[in-house]
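Have the model open as you read along.

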Amino acid sequence: MAGTSGSGTVRWGILATGGIAASFATDLLEMTDAQVIAVGSRRPESAKRFAERFGIPRAYGGWEELAADDDIDVIYVATPHSAHRAAAGLCLEAGRAVLCEKPFTLNVREAEELVDLARARGRFLMEAMWTYCDPVVRRMTGLIHDGAIGEVRAVHADFGLPGPYPPDHRLRDPALGGGALLDLGVYPVSFAQLLLGEPDEVRAVGQLSPEGVDVNTGLALGWDSGAVALLSCSITADTPMTAAVTGTAGRIEFPRGFFQPERCVLHRPGRDPEEITAVDGLRSYQREAAEVMRALRAGETESPLVPLDGTLAVMRTLDAARERLGVRYPGEGAGADEGVGEDADTNEGGA
């Protein structure tokens, strides 16, 4: 693989130093075929503290310096999503492969810009949607493909956190792309679209905060085939965080934590419930990283597990839902501010 060390070890940089960056670094450092060689932050002191904490040899007080380091094979972008377009774009322009946290960007326009840039430069780019890399989820999609539950007719999924979050919290900050939909709703939407593709109809209802972000949202997605998805997300209520896929010949149910499941249960008429498990010995962040490293070694610029066209389709659905809710972010038309909130704690319980 061009640009990697002769041993095949993939060399990582981490952009931003918040909670989710720390979680990713912790998991990555346990992988024998990965090496974290650099971290970058807009604040030099943050980069230095992060590097000392995790034993990372290089700390850069700027994103540009990190992106310019030719010893780095791939950069993990861990800023809040309001800065994803700027951060990931900078890395791609510098020739780095990129794993970018979810939601991929604030809107589909920004997402298209990143995808077009990566494809034009021939650089690897992937959204960090760990659910798609999960072995139980992959087992489920295989069962459905093989007809285990017939034709999928309905998907139900929810993701809600109890709060309450104060007005200055990032989840309520429009400047950081706050709200339930982008932070949490991206999981139910991605889950449904993994199985059914992009919906033909999007409906959304919800409650907005005084700041103008959604705090409790319900989505109804429809497909011309007659399939439907009923999804919800909230930053005001601790929802079950479960999912179910119902087909013409059975259903598959996921317990709490469907976005990083350890098991699911297959129900079919006239048969006992069947527990479905799959073990790969990895944790959720490690699965993302493993897929990136597999693709880089294979010379691929996109992951078949987390395809860029699928990421764009999810962003179109999120855009449509926000339009119906009336949620718009400051400066959305002009792009995100590169320096806003890069070290916010984006670890909300999912990737």
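In this predicted model, helix α4 (residues 84–93) packs with helix α5 (residues 108–121) at an angle of about 5 degrees, their axes lying 10 Å apart. That angle makes α4 roughly parallel to α5, a label for angles under 35 degrees. Axes here are lines fitted to C-alpha atoms over the stretch in contact, with angles from 0 to 180 degrees between N-to-C directions. Helices (H or I, at least four residues) and strands (E, at least two) are DSSP runs numbered from the N terminus.

On the α4 side, H84, R85, A88, G89, L92 and E93 meet E110, E113, L114, L117, A118 and R121 of α5, where contact means heavy atoms within 4.5 Å. By class, this contact has 5 nonpolar, 2 polar and 5 charged residues.

| Residue | Relative accessibility | Class |
|---|---|---|
| S41 | 0% | buried |
| S284 | 9% | buried |

S41 sits in the loop between β2 (34–40) and α2 (44–54), and its side chain reaches the backbone nitrogen of R43 at 3.1 Å. S284 belongs to helix α9 (residues 284–297). Leaving aside residues up to four places away in sequence, S284 touches W130 and Q260. The C-alpha atoms of S284 and Q260 are 6.8 Å apart, although 24 residues separate the two along the chain.

Residues are numbered from 1 along each chain as its sequence is written. As the model is predicted, local features need pLDDT of at least 70, side-chain atom pairs count only at pLDDT 80 or more, and totals for chains, interfaces and linings use all residues, while side-chain values use heavy atoms, leaving out hydrogens and water.

Conventions:
Parallel < 35°, antiparallel > 145°, perpendicular 65-115°, else oblique. Nonpolar A, V, L, I, M, F, W, Y, C, P; charged D, E, K, R; others polar. Buried < 20%, exposed > 50% of the residue type's maximum accessible area, 1.4 Å probe, protein only. Polar contact = N/O pair within 3.5 Å; in protein donor to acceptor, adjacent residues only side chain to side chain.
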